[in-house]
Amino acid sequence: MHEQLINPTVEKFKNGFKSEPEHIFLSPGRINIIGEHVDYNDGFVLPAAIDKYICFAVRRLPETNFCRIIAKDLGEEYTFDVTKEVKPVQQMWMNYILGVFSQLQQQESQFCGMEIVFSSTIPMGSGLSSSAALECGFAYILNELFDLHLTKKEIAVIGQKSEHTFAGVQCGIMDQFASVFGKENKVIMLDCNSLEHHYFDADLKGYNLLLFDSCVKHTHLTSGYNERRKDVENGKEILWKKFPGVEKFRDFTTTMLDSVKEEMGSVSHKRCLYLLKEIKRVEMAAKAISEGNIEYLGKLLTETHAGLSTEYEVSCKELDFLVEHTLQQKGVLGARMMGGGFGGCSINLIQEDKVEEVIKAISEKYLEHFNIQMKVYQIKISDGIKEYTNEYII
């Protein structure tokens with residue numbers, strides 16, 4: 001299955017560097033079943049790694065100090081000196097990598113030159129966390145090649161910090177954590193405050209999780225993501241001023257929130273209200289999955305979309321259209337936008353024997369309404385980052 005990604009990546013490596021790679025690594029994207037925008041707000045999330053990957057073909061070059069990286073899909077490359085301090089650059093894709101390297105440089109780790117080619121089946125800008133896969137994949141590679149003895153948790157945190165410092169996005173930890181800690185056929189319930197986590201079997205009892213890509217590309221920097229964070233921080237500040245004894249944001253009640261609505265303003269109130277309700281929904285969703293109550297899980301997904309659209313206001317007309325019309329189809333238990341918002345995918349819980357029927361109906365409606373050919377991703381819940389050890393065939 002992986003050969004369709006690995007073989008062209010290896011071929012590019014051989015053509016670009018006139019040599020064979022020594023290692024192949026696969027770093028997955030992720031879905032989030034429920035729990036949007038709560039990962040930077042002391043909440044719980046329910047992500048899983050999926051079978052869409054960034055593939056890295058890698059070779060160490062002990063005799064040089066230069067790391068040369070080819071981004072196959074972008075047709076771009078970048079070289080940097082591993083002995084010199086790195087700074088953010090114009091190529092955004094490279095900043096995810098340099099942000100990781102910068103942190104490990106500060107730890108005074110010793111590196112030599114490398115040759116790397118990477119290619120991906122994770123669609124960029126669709127909310128499947130290609131950036132986290134790139135960051136954490138690179139951190140994992142450095143850990144393996146240079147015996148850095150980093151834990152999985154440290155790799156996830158390094159990936160997150162790279163996005164904060166070199167990409168300028170104040171993201172939470174969920175995407176990186178899912179990419180590193182994913183397990184086949186398991187969803188992760190992650191406490192974003194303590195990083196404690198539990199695995200649940202992803203037995204959906206005859207239903208499939210399907211992604212409909214709106215093909216509206218989102219970027220966190222231009223999408224209002226950081227603005228939403230400011231709205232929430234304003235609300236939190238006022239809440240803690242009024243209720244200083246509350247330890248974590250998730251411990252506030254909606255009654256407490258309503259009592260300071262006038263002071264914080266309607267916008268911050270709406271944002272915080274969505275978050276407090278969403279944190280509870282994640283707990284209920286984990287319970288529903290563990291008890292096999294897939295119908296209730298679907299109901300929670302749909303409630304989340306309503307909150308993201310009207311309270312957190314990160315949806316868009318295309319995603320609202322996809323969700324509304326998908327929910328009208330037979331065999332659909334729930335649907336919502338997934339990811340940061342302002343574009344990307346919807347995630348849909350659909351009866352297995354109705355999948356093709358729903359895809360056909362929604363594709364036609366979406367094309368007719370927006371003149372956009374919707375993309376469909378049928379995904380499997382998979383393992384986190386790993387070295388690929390089977391023989392690849394060229």
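Modeller: Start with helix H2 (residues 92-106) and helix H4 (residues 152-167): their axes come within 8 Å and cross at roughly 120°. Axes here are lines fitted to C-alpha atoms, for helices over the stretch in contact, and angles run from 0 to 180 degrees between N-to-C directions. H2 is therefore oblique to H4. Angles under 35 degrees count as roughly parallel, over 145 as roughly antiparallel, 65 to 115 as roughly perpendicular and the rest as oblique.

H2 brings Met 92, Asn 95, Tyr 96, Leu 98, Gly 99, Val 100, Ser 102, Gln 103 and Leu 104 to the contact. From H4 come Val 157, Ile 158, Lys 161, Ser 162, Glu 163, Phe 166 and Ala 167. Contact means heavy atoms within 4.5 Å. By type, nine of these residues are nonpolar, five polar and two charged. Ala, Val, Leu, Ile, Met, Phe, Trp, Tyr, Cys and Pro count as nonpolar, Asp, Glu, Lys and Arg as charged, and the others, Gly among them, as polar.

A word on the source. This is a predicted model, where local features need pLDDT of at least 70, side-chain atom pairs count only at pLDDT 80 or more, and totals for chains, interfaces and linings use all residues. Residues are numbered from 1 along each chain as its sequence is written, and side-chain values use heavy atoms, with hydrogens and water left out. Helices (H or I, at least four residues) and strands (E, at least two) are DSSP runs, numbered from the N terminus.

Both Tyr 96 and Glu 163 are touched by Ser 131, not counting residues up to four places away in sequence. Ser 131 sits in helix H3 (residues 130-145). Its relative accessibility is 14%, so Ser 131 counts as buried (under 20% relative accessible area; exposed is over 50%, partly exposed in between; 1.4 Å probe, protein chains only).

The open sheet has six strands in the order E5-E4-E6-E3-E1-E13, with mixed pairing. Strands pair if DSSP finds at least two bridges between them. E5 (76-81) and E13 (386-387) are the edges; each has a single partner strand, so one side of each lacks a neighbour in the sheet.
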